[in-house]
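Please read it with the structure open beside you.

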Amino acid sequence: MKKALTLLLIFSFFIANAQYNNGTLFLKDSTSLRGLIKIKTFGGIKFKSDNDSESIDYDYNKVDGFDLNGKSYRYVKNTNEITPRLLNENIKGKISLYSNEVYNPGHTIPNGFAGGGMSFGGGSSTIYFIKINDELTRIGAKLKNKHLELFSSCPSLTQKIENKEFKKREVYEIVSYFNDNCD
């Protein structure tokens, strides 16, 4: 039993520390570095050229972004914010689409039904941002009527949204259509 417990603890330690992933770091001086990247919990990233090297901390002052696990992360600055946000770049074009995965652990009511706890409201969702002419607009999980004016220069797209050919939750498809079919 002790051996099994010891092996379990060692195995869980390796899983907990396996936070670096292969990726490409894009520096502000237009150079790039390939190596191991870890996103820090409270902003910034750590970079190591290989497993044996010492990590270097980077933030938005030195880095434009990085590619990691098939996703492109970029620091995006809005005109009315002091510091840029680290967002997942989904589409780059006339209108660029960014997203951020957010997780809500929910709430637990102690001593709920049958004496146990009852949980509700948890889950994850995607919050979208659209960037047009260096102006970043938070969309949320779906387009709202106030956001439709962002696409007013494309009557065919606004018509498709009004006719429900595109649902307001199809943010990715709407931005793709705009970039491919509108001026």
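**Notes on the predicted model**

1. Asn133 counts as exposed, at 71% relative accessibility. Exposed means over 50% relative accessible area, buried means under 20%, and partly exposed is in between, with a 1.4 Å probe and protein chains only. Asn133 sits in the loop between β11 and β12. Its phi is near 50°, a positive value in a residue other than glycine. Most residues other than glycine have a negative phi, and most peptide bonds are trans.

2. Some ground rules. This is a predicted model: local features need pLDDT of at least 70, side-chain atom pairs count only at pLDDT 80 or more, and totals for chains, interfaces and linings use all residues. Residues are numbered from 1 along each chain as its sequence is written, and side-chain values use heavy atoms, with hydrogens and water left out.

3. Asp134 is found in the loop between β11 and β12. Asp134 is not a glycine, yet has a positive phi of about 65°. With 53% relative accessibility, Asp134 counts as exposed.

4. Now the overall make-up. The protein has 3 helices and 12 strands. Helices (H or I, at least four residues) and strands (E, at least two) are DSSP runs, numbered from the N terminus. Of the 183 residues in the protein, 32% are buried. Take the contacts with a separation of 6 or more: residues 24 or more positions apart account for 39% of them. Contact means heavy atoms within 4.5 Å.

5. What is the strand order of the open sheet? The sheet has 10 strands, in the order β4-β3-β2-β1-β5-β6-β7-β8-β11-β12, with antiparallel pairing. Its edge strands are β4 (56-58) and β12, each pairing on one side only. Two strands pair if DSSP finds at least two bridges between them. From one strand to the next, the twist averages 40°.

6. β7 and β8 pair in the antiparallel sense over 3 bridges. Glu89 has Tyr98 in β8 as its bridge partner. Strand β8 (residues 96-104) runs antiparallel to strand β11 (residues 123-132), and 9 bridges join them. Here Ser96 stands opposite Lys131 in β11. Then 5 bridges join β11 to strand β12 (residues 135-140), again antiparallel. Phe129 stands opposite Arg138 in β12, and Ile130 has Thr137 as its bridge partner in β12. The hairpin of β11 and β12 has 2 residues between the strands.

7. Is Asn88 buried or exposed? Asn88 counts as buried, at 11% relative accessibility. Its place is in strand β7 (residues 85-91). Leaving aside neighbours within four places in sequence, Asn88 is in contact with Lys71, Ser72, Tyr73, Leu97, Tyr98 and Ser99.

8. Next, the helix pair. The axes of helix α2 (residues 155-162) and helix α3 (residues 171-181) come within 10 Å and cross at roughly 155°. Axes are lines fitted to C-alpha atoms, for helices over the stretch in contact, and angles run from 0 to 180 degrees between N-to-C directions. α2 and α3 are therefore roughly antiparallel to each other. Angles over 145 degrees count as roughly antiparallel, under 35 as roughly parallel, 65 to 115 as roughly perpendicular and the rest as oblique.

9. Which residues meet where α2 and α3 touch? Ser156, Leu157, Lys160 and Ile161 in α2 meet Ile174, Tyr177 and Phe178 in α3. By class, this contact has 5 nonpolar, 1 polar and 1 charged residues. Ala, Val, Leu, Ile, Met, Phe, Trp, Tyr, Cys and Pro count as nonpolar, Asp, Glu, Lys and Arg as charged, and the others, Gly among them, as polar.

10. α3 also has a buried set: Val171, Ile174, Val175, Tyr177, Phe178 and Asn179. The buried residues of α3 pack against β7, β8, β11 and α2. An α-helix has 3.6 residues a turn, so residues three or four places apart point the same way.

11. Last, the loop between α2 and α3, where Lys167 lies. Lys167 is exposed, with a relative accessible area of 53%. Lys167 and Leu143 are 24 residues apart in sequence, and 8.7 Å apart in space, C-alpha to C-alpha.
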